[in-house]
Structure formats: C-alpha cells, structure tokens
Amino acid sequence: MSRLQTTSLIDHDMTDCLLNKTHQTWGYLCEFNDIPPNSGICVSYQNQQIALFNVNTIKKVYAVSNYDPIGKANVISRGIIGTINEQLVVASPLFKQHFNLKTGICIENPKVCLNIYAIRVYSNAVWIKKYP
Amino acid sequence: MKLQKIVIIGNGMVGHEFIRQMLIQPSVSQFTMTTISSEPRLAYDRVQLSSFFSGTPVKKLMLTDENYYKENNVNFILNEKVIAIDKDKKRVYTTSGLCEVYDKLILATGSYPFVPPIAGNDQPHCLVYRTIEDLERIKVSAEFSKIGVVVGGGLLGLEAANALKNLGLETHVVEFAPQLMAIQLDESGSALLKRKIEALGVSIHIDKSTKDISTGTNARYRMMFTDGSHLETDMIVFSAGIRPYDELARSCALEIGERGGIAINNVCQTSDPNIYAIGECALWNKKIFGLVAPGYQMARVAVSHITGGNEQFSGADMSTKLKLLGVQVGSIGDAHGHTTGAQCYSFCDETEQVYKRLVVSGSGKKLLGAILVGDTEDYSNLLQLYLNGIDLPQSPEQLLIPSHDLNSAPVLGVDALPESAQLCTCYSVSKGDIQQAVLQGCCDMAAIKSSTSASTGCGGCSALVKQVMDSELTKQGITVNNHLCEHFSYTRQALVDIIRIQKIKTFDSLLEKYGKGLGCDICKPTVASILSSYWNEYILKKEHVGLQDTNDAFLANLQKNGSYSVVPRIPGGEITPDKLIAIGNVAKQFNLYTKITGGQRIDLFGAALHQLPEIWKQLIDAGFETGHAYGKAMRTVKSCVGTNWCRYGVQDSTSMAIAIEDRYKGLRSPHKIKMAVSGCTRECAEAQSKDIGVIATEKGWNLYVGGNGGMRPRHATLFASDLDNQTLICYIDRILMFYIRTADRLQRTSVWLENMEGGIDYLRSVVVEDKLGICDVLEQEMVDCIANYQCEWRTTLENPERLKRFRHFINSDQPDSNLIYSTERDQIKPMAIEH
C-alpha cells in the first residue's frame, strides 16, 4: 500500500457525508470518542486490521496496520505511544520495537515498516482514504 | 611422562584452596592429587561457621563437594588421620593402615583450639569452637543448659559468645587479660566494646584466671577464679586462642618453632624441600597467621613453586574488620602504636558510642595503624591509606571526625590509590581490576560484581569499589546518565519523591511541570507504577489507561500470538476442590491451555481479548480475584503445608503465607515481587529464591530479602531472625516501601540490594534502627496503599464503558482471525501466521 500524508484532525469539507456516513473518497471507520485519549484501538476496514491512535496531546489521529511484522501478531493498536528523538512512535507491545506513526518505519530496523493510511476526522467521526 | 604425585594432608579452607589453585594451572595434567582429611566432610567455610546457629544448613557452608573433586580427578580420603610421614621413602601412613606415596607433600593441618590447663576442663559440657562437629555438640549441650560461659575474650571468643546468646543462654565471657581483644584494640576501644556488649546482655568478666572447674550448687559447674571469686554455669566453651597442628611434622623431625608451628621459607617449603606447610600450621618468620587470607596466599605460593612459578610469601596484613555481637570493630596495622616515634589521634563520641584511634608516623605523614569501635565505615579508606603508604592530609584528625554532610567529598579521594591497591581482600581484586572492568563496559555495581567478584565475599569493600567505579566512569567521560528517559531529566527515585511530596496524581500534570515532549513507553509505565504505589487508583481510569504496558492495559498477560493468559489469585497456593473445578470449567468452556505455574497458581492461556470479561465474570462469581500476574506488582506467596500437616513443620506457614499475600496483593512496585513462606528449615517453599522469603524457626520467623531465580539467580540474604508475627509484617512493610521509594526502574530486589551502598547492614539500619527516621512514613504509605486495594477485574466488570476496550475490533464483534491453534497433548497450541 502506498504511503500517504496524514491530515489534520478537523476537516470542514465533509459535511455532506455526515448523515449517511458514506463518501466517494473517504470511508467511515468509527466514532472519534471510541479511541481513548493518548491510546489506540483496532478497526476492521475491508478485511484489514487498522490500528488507530488518538494522540490527544497534539490533537491528531494516526492510522497504521495492526499487524506487527516482527512479533507476527495483530497487536500494534495495543502499544504505548510517545516520542523518541522527537519522532512520534508507537512501541510494539510484544518486543517493544518503535514504529514511526507518520512513516510506519521501524526505528530499530528501518527495513521493516507498517502500512500507513490517510485519516480524516470530522466532527466526531474518523474516516479513512479509499483507494482506487 | 610420569605424573607427579601430590598428597595434601588436611582439607580445610587452605587445603582446599591449594587444590583449587592447582586445578586452574595450565600444567595440572602433569600432577595427580590426593587429599586426606580427618574430618568427615570436605572443606567448608569456617569463617562463616557461626551462621550454622542461625539456621544456615551445613550444605551452604560447604566450599566444594565430592562431585567437583571426582570430576577433576582429585582423590579424597575422609575420616582418616595421617599418623606418620616417612620423609626418605616419601610415604605417609594413616590410622587404618593406608599408605600413600608422594612426590610433594602439603601439610595443611590447620590448628586446634587451645584449652587452658585448668583442673576439670575435660568434663562433658566443656567444649571448644572450631568445627561443625564442635558446633553440633554446643547445640546439644545448650539444650540442657541455661547459662553458658566462653573462656576467652578475643575475636573467636566473642563470636562463640554470640552463638551462645543466640541459642538463648545467659551468656558470660571470662577473659584472662585485663581487656577484650587485647591484640586488636587498645584500652579505650576495648572498654567501649565491653560496655556495648554488656548492654546487649552478655556479662564480661575481665582479669579473671580460672583455677578449677568443680560441681556447682545452682548450676552444673562452678568456675573458681584465682582471686577467690567464682561463677556458676551449665556449660563452658573454650576459645582462648589457637595452636598449630604440628604433631606430624614434629614426629618426622621437620623444623618446628620454639612455640610450635612448622617453619617454612618464602616459598612455603619446610626444612624438607619436598614437604610444604600452608595455613595456620605454618610458621613464617616466627609468625603464625590465624586468618584465612594469608593461608590462601600461602596456598598460591606453594602452587606456584611446585608448578615452576616464582611467587613468594612476604607476610600478610592482619588488619581485620568484623561485627562482634552486633558491634562493629576494626583494627588496622600497628593499632597499639608500638612503632618508634608513633603518634596518636583519638576520637570518642559517648552519645553515639563510637571510638576511633589513628596511629601515625613521627612525621605525621603516614598512617601506621588504626582502631575503630562502633563505626567501621572508614575502615576501607584507612586500610588503603595504610597498605599503600599514601600521604595523609595536612591535618589527619579530619579523618576521625564524622562527616554529617552527605554531599561533601570523601577525605581520601580514591584517585590517590595506586592501581595495585587491593580493594577486595576476599577475592584479591585491585583498583586496576575494577578500572579494567569499567573499561570493558561494566557501569553499575551488579556488573562489577559479576565480572570481578569484588564485594561478593564479606562485602566490606563495596563503598570503596563503587567510588572507584564512579571515578573511573567520570574519567572516561561516561556521564552516568541516570535520567529516566528523554522526557524526564530525573531518576526514578527523584520522580518518586516529586510525586510523593507534591502529591501529583496524573502523568499529564507531572509531564507538564517536570518533563517535556509526549512521554514514551519507558516513562509512562514507570510513572503509572509510581502513581499506583502511592495513590493506588484504578489503573484503567481514563487518565491512566494510556500509560499502562499492554499487560496492565488489559489486565492479562499478552502471549506471542496476541492472545492473553489469565491467572486468578490462589493465596498461598491453597485451593478448595470447588474452586479448582470452577477454574477447570472456565478452561474447558473457553478451550484454554492450562498449566500449573511456579508460584502455585494456574495459568490459562489462549484467551482472546473479547473473552477476558466473560472469563473473569465466571471466575469472580466462583470467588476468585485477580492475580496481578500481568503487573509489575506483588504476585504470589508460595508456601508449604507447615505445622498443620507436616511432621517437621514448626510454624503455620500456610496461614502466614495467606495473610502476607492478602496484605500485599497487587502492590505495584519497580518490578514484580515474589514471596514464599516455609514452615521449617527444610525450606520446601524455596523462600530463599524469592524477593521476600520467610522461614519458620522454633521461636518465630527468619526474614530473607533479595532472592531471585531466573536469569541471575541469587540466594536471599538473611535480614532478621526469630521475629514474631507483628515484627515480621512491620519489617516487610518497611522494606517494600523503601524498595518502592529507592529502586531503579525494573530493578528487582536482588539487584537493588547489591547496588545499595552498605548493603544489607544499611537496609537493616534503615528498617530496624530507623536511621533515616522514615519508618513511620513508610508504614503509613503501606497502610494507605492497602486501604485502596481493589480487584481490578471486579471494578472493570462493573463499568460497561471500560468493557468497550475488550474487543479486538472497535467496529465489529469478529475475533482476530489470526488466532489459530493446533493441538498438542490434548490442548491448544498457537500456530504461526505469516502475512
């Protein structure tokens, strides 16, 4: 999956899709309040497991794949988030490697990476960018 | 090539050291060794002999075992006395008629206790203090006695007195000289020692010469003194010095000193070049060395000479530091100031009961000797000044005045020490060795200890070793950065103090005031743990949930495939059949892999995240509560069945274990805590491998601290003996809260204790003597924490909002499709998945 820019928390361009939660380019994932502050959850989207993180301190939501390619289990959403040398990261709960939330790249082993997804939050809903 | 045959007579500490040293020589294959000992067992640690009375089993005193000798092809003949040596034929003969041929003969026959020639000294309850058999006799005799007398107020005599006191006897010490420890102490030091020992309930009778021992009126014996007075007692232990075992050497006409001892030269040869003598039977330069370190040195020298090396024995320093009946005593070099022109400084603090004396050279530049009573903290520093001939500071009296400012630099900088300075005399570790270890990457005490063995013997040098390590780290530009992480420029201890004193309740407010950035997977769980230790709030509260490590975050143990394991609490390992069945039913219903843990509980593996609430609902309904197996917290208290069932038990260990587990369950701490309670010295609960170990005695409980199994096993250290229930709990409260307050992140109690300056003695001074004046606070903190205990699973089940997180997907009820299992031995086993 290609690397995409994450976008800001609030987007005023999405009023039209609020009611029926459908949109041409954005897919609905969950309610924003479903993600505890400074914590993560896992959502299922088109048979993929996606880890969502609510970095409340800087008011951003990030999405990466939930599969830990090193620990080989679907657990990334249960990791602790934070910063390492100013990079925003999630630490795998299995063996504690750190993955950059913006690029998906593993800090300890840059050959390994998570998939990343473009996310929009509008009002109280979290949306993911659809792929053509 | 013909093998050289070495016969070693005597298998005490020094005899064994000779063998050990031989075995590490490259040329060891050119020799065969046979050792003959009249004792029934191989070498054991005579220095620690008195610990036999505080319950240390003989097995732990052993320095070696038969397997080690067998594996290394060392022949050993026990319970066999050598009665003659034929120097010309190079043969030795034993009582049972054995004959051994030798090329080189080593006499390591040691010494025997001197029993003064007093009429009546051969009665059944007149004993000596030298071997394990002697101690067994004393123990038996004490059971039939109320009063005990030790004849001899020297170092060994006072140790024997301690033993009698611990055996519960009314204890007296009778000394011929006008003072105690006449060799090591001067009059003032000795007088203070006497006062301190008397305050502990041991009566001291100095200047008393015993005329005879007759039948007593109120006790078994009456000791008549030459001054007309008398003392009644039920038993007598003679400990009035040692005499070298030189009978064998005399009978084969080796050169013997005027007052005994087998004369040796600088390479430990006797007057027959094929016969060596080492240890306390040997006389070098008309001196006998009654300590183990010089004996070891002689063993090394003899090994060196036999294998073609050129080491020489050149005398030994007889300085000593020890604790007699709980009183610290140190003596260095020329303590009496016999050197011509010597001058003295002395310091006496009557309120603190401390006496110190320095003997310096006429020029005032060099330290010649010292005496310390009541406080031996300066011993290592002074010993280094003395051994290395270091110039004293301008006004040497500074060395005597206690420093109250903890931050002031020590008077003697370790940088003044030469590289050759021996810091650890037990294991001959020099300053250079420590520097080398630091160069190779050791940067804490635990690493230094395992790499050099320094401070692992008596531990007396640990403060000094740490100073050398710190200084070396600084010199190499390695700033010991003990900041918790990049977000907090504080140590864990400092953060504890901030949280405790400022009463900070959340990570965010701590970060705002004292940190920077967003935090990370190091500081978040650490702070969460500290918050929980002090305020003990529900850890899944909104403001805490994001801080928790994944195990804590879901109150279960994450396994490799992303599933969890569940461990209900089974206090003390005691469980009813009904509860056992309830666990079985849950395991069966959810198809969980079931295994018994080392902590006497049952672990259920393979639960998916969404199954945890239902599993716990059933467990709680059956009367269980959470086991905190997921937390860096107090886990289990293992126990044996104790007096209720066991034929050998002396206390109800199961009830004690359950009470302890109930008190400390779930207490969050720098790392996990495991405990155990054993009902007798057989130690079936393996308490000495736990952070907190409790072992029953006839009189109460012995408390052990700092044990560990796992990767770096460590036997727990005996902290206190014969405690009643209340004192036991009080000490554990204080120790745990002090650990929580001062340990590093993820530091088990074993490493915490090893890194603690002053070690177990310091911990005792804090917990027992309340040296820091914090015991009340520590106890209150524990009480507060216990008052806020909750079963985290019960709280979670009561709160539907919290339960939302216990689903694999927030937007679907589907489980994680990657949790797939095969079957092995009728149970599930995770299968690897690949993406």
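This is a predicted model: local features need pLDDT of at least 70, side-chain atom pairs count only at pLDDT 80 or more; totals for chains, interfaces and linings use all residues.

1. Among the contacts in chain B with a separation of 6 or more, 61% are made by residues 24 or more positions apart.

2. Do have a look at the pair formed by helix α1 (residues 13-23) and helix α8 (residues 292-306) of chain B. From α1(B) the contact takes in Met13(B), Val14(B), Glu17(B), Phe18(B), Gln21(B) and Met22(B). These meet residues of α8(B) including Val292(B), Tyr296(B), Met298(B), Arg300(B) and Val303(B). By class, the residues of this contact are 10 nonpolar, two polar and two charged.

3. Next comes a sheet in chain B. It is open, with four strands in the order β28-β29-β31-β30 and antiparallel pairing. Strands β28 (557-558) and β30 (593-596) of chain B each have a single partner strand, so one side of each is left without a neighbour in the sheet. Between β30(B) and β31 (residues 602-607) of chain B there are four bridges. Thr594(B) has Leu604(B) in β31(B) as its bridge partner.

4. How many residues of chain B are in contact with chain A? There are 27, and they touch 26 residues of chain A. On the chain B side, the elements that give two or more residues are α16 (542-545) and α17 (550-553). That side is made up of nine nonpolar, 12 polar and six charged residues.

5. In the largest nonpolar core, which has 88 residues, Leu52(A) and Ala63(A) have the most contacts inside it. Helix α15 (residues 523-535) of chain B gives the largest share of this core, six residues. Leaving aside residues up to four places away in sequence, Leu52(A) touches Leu29(A), Ile35(A), Gly40(A), Ile41(A), Val43(A), Val61(A), Ala63(A) and Val126(A).

6. Lys59(A) is not a glycine, yet its phi is positive, near 55 degrees. Lys59(A) sits in the loop between β3 (48-55) and β4 (60-65) of chain A. Is Lys59(A) buried or exposed? It counts as exposed, because it has 11 C-beta neighbours inside 10 Å and the limit for that class is 12 or fewer.

7. The other is Gln353(B), also not a glycine, with a positive phi of about 60 degrees. Its loop runs between β23 (343-349) and β24 (354-360) of chain B. With 16 other C-beta atoms within 10 Å, Gln353(B) is partly exposed.

8. Finally, Asp776(B) belongs to helix α25 (residues 775-787) of chain B. Asp776(B) is exposed, since 10 other C-beta atoms lie within 10 Å. Arg734(B) is 42 residues away from Asp776(B) along the chain, and their C-alpha atoms are separated by 8.7 Å.

Key. Residues are numbered from 1 along each chain as its sequence is written. Chains are lettered from A and ligands numbered from 1 in the order in which they are written. Two strands pair if DSSP finds at least two bridges between them. A residue is buried if 20 or more other C-beta atoms lie within 10 Å of its own, exposed if 12 or fewer, and partly exposed in between; C-beta atoms are placed from the backbone. Two residues are in contact if their C-beta atoms, placed from the backbone, lie within 7 Å. Ala, Val, Leu, Ile, Met, Phe, Trp, Tyr, Cys and Pro count as nonpolar, Asp, Glu, Lys and Arg as charged, and the others, Gly among them, as polar. A nonpolar core is a set of buried Ala, Val, Leu, Ile, Met, Phe, Trp, Tyr and Cys residues joined through C-beta atoms within 7 Å.
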